[in-house]
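Please look over the sequence and the structure before reading on.

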Amino acid sequence: MHSGSNDLSGLESVEVINPQETQTCHRDEDPFDHVSSPKKRFNIMAFLKRNAFVLLTMSAVALGIGLGFALRQFNMSARAIKYLTFPGELLMRVLQMLVLPLIISSLITGMSSVDRKTNGKIGLRALSYYMATTLVAAFTGIALALLIQPGNSSRTTSVSSSGGVEAVGSVDSILDLIRNMFPPNLFEACLRKYRTVYSKRVSMLTHNNNTTEASENTPMPGTTDGMNMLGLLAFSVAFGLTLSSMETQGKPLIDFFHCLNKAIMHLISLVIW
């Protein structure tokens, strides 16, 4: 009796496999199936969607170069060229409009999100790197200007000697960089930056009953049109570090600048598209 019950339990555990299911299993396990499937092999539409921005940008550049060479033979007037470049001018104006809020919001958000223990090291390294590269660029430009002397000709020399604009000295250029790091007015820093100008003073010198004229260029404070990016960077870094040290009290402002940064990035992506 025991042996019969064991045989019955063995029979009950046997699975009956359908031949169609066997063929289906073999068909599913075909190693060459992924090669023959056109969807798994290469999806062109997905590739175009992923790289649409790069492809459209390259196509626009190629189209612009082609139109530029094609329109050269028509000898277009200055007015027609101005009208042709109007869409590009609008694009650049909109991008320049978004540069200021993008830089301020991104810097304040980045500096406020850094841990307070590493703020000192990161800030010192960033400031040292920026100052070192600025000094290297300034000295390189001054050295190359003195060696190459671009635009030095008889005509330009005569014009400058007759009352042209005096060039700013190297020491005054470095001092202007430091002055621009600390703008007295943030709203003015968005429009103008500091630049040293020279005032020519003529004095009369008498020596042995001989009177001679002596001219001296005195440095005077002045401004030039343009965004004072160095001062805005310094303020944004200091403001972000201050918000980071305030912990929970500065969280509303941190959230505001974080949201502003996301909104500006979204606007820039829409403008570029």
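Helices (H or I, at least four residues) and strands (E, at least two) are DSSP runs numbered from the N terminus. Axes are lines fitted to C-alpha atoms, for helices over the stretch in contact, and angles run from 0 to 180 degrees between N-to-C directions. The model is predicted: local features need pLDDT of at least 70, side-chain atom pairs count only at pLDDT 80 or more, and totals for chains, interfaces and linings use all residues. Residues are numbered from 1 along each chain as its sequence is written, and side-chain values use heavy atoms, leaving out hydrogens and water.

The protein chain has 14 helices and two strands. Of its 273 residues, 12% are buried (under 20% relative accessible area, with a 1.4 Å probe and protein chains only). The chain exposes about 21,500 Å², 65% of it supplied by carbon and sulfur atoms.

Helix α8 (residues 86-112) packs against helix α14 (residues 251-272) at an angle of about 150°, and their axes are 8 Å apart. That angle makes α8 roughly antiparallel to α14 (over 145 degrees). Residues in contact (heavy atoms within 4.5 Å) include those in the table.

| Helix | Contact residues, among them |
|---|---|
| α8 | L91, V94, L95, L98 |
| α14 | I254, F257, H258, L260 |

By class, the contact of α8 with α14 has 16 nonpolar, six polar and no charged residues.

L233 lies in helix α13 (residues 229-245). The C-alpha atoms of L233 and I104 are separated by 7.3 Å, although these residues are 129 residues apart along the chain.

Conventions. Angles under 35 degrees count as roughly parallel, over 145 as roughly antiparallel, 65 to 115 as roughly perpendicular and the rest as oblique. Ala, Val, Leu, Ile, Met, Phe, Trp, Tyr, Cys and Pro count as nonpolar, Asp, Glu, Lys and Arg as charged, and the others, Gly among them, as polar. Buried means under 20% relative accessible area, exposed over 50%, partly exposed in between (1.4 Å probe, protein chains only). Accessible areas come from the Shrake-Rupley method with a 1.4 Å probe; for residues, only the protein chains shown count as cover.
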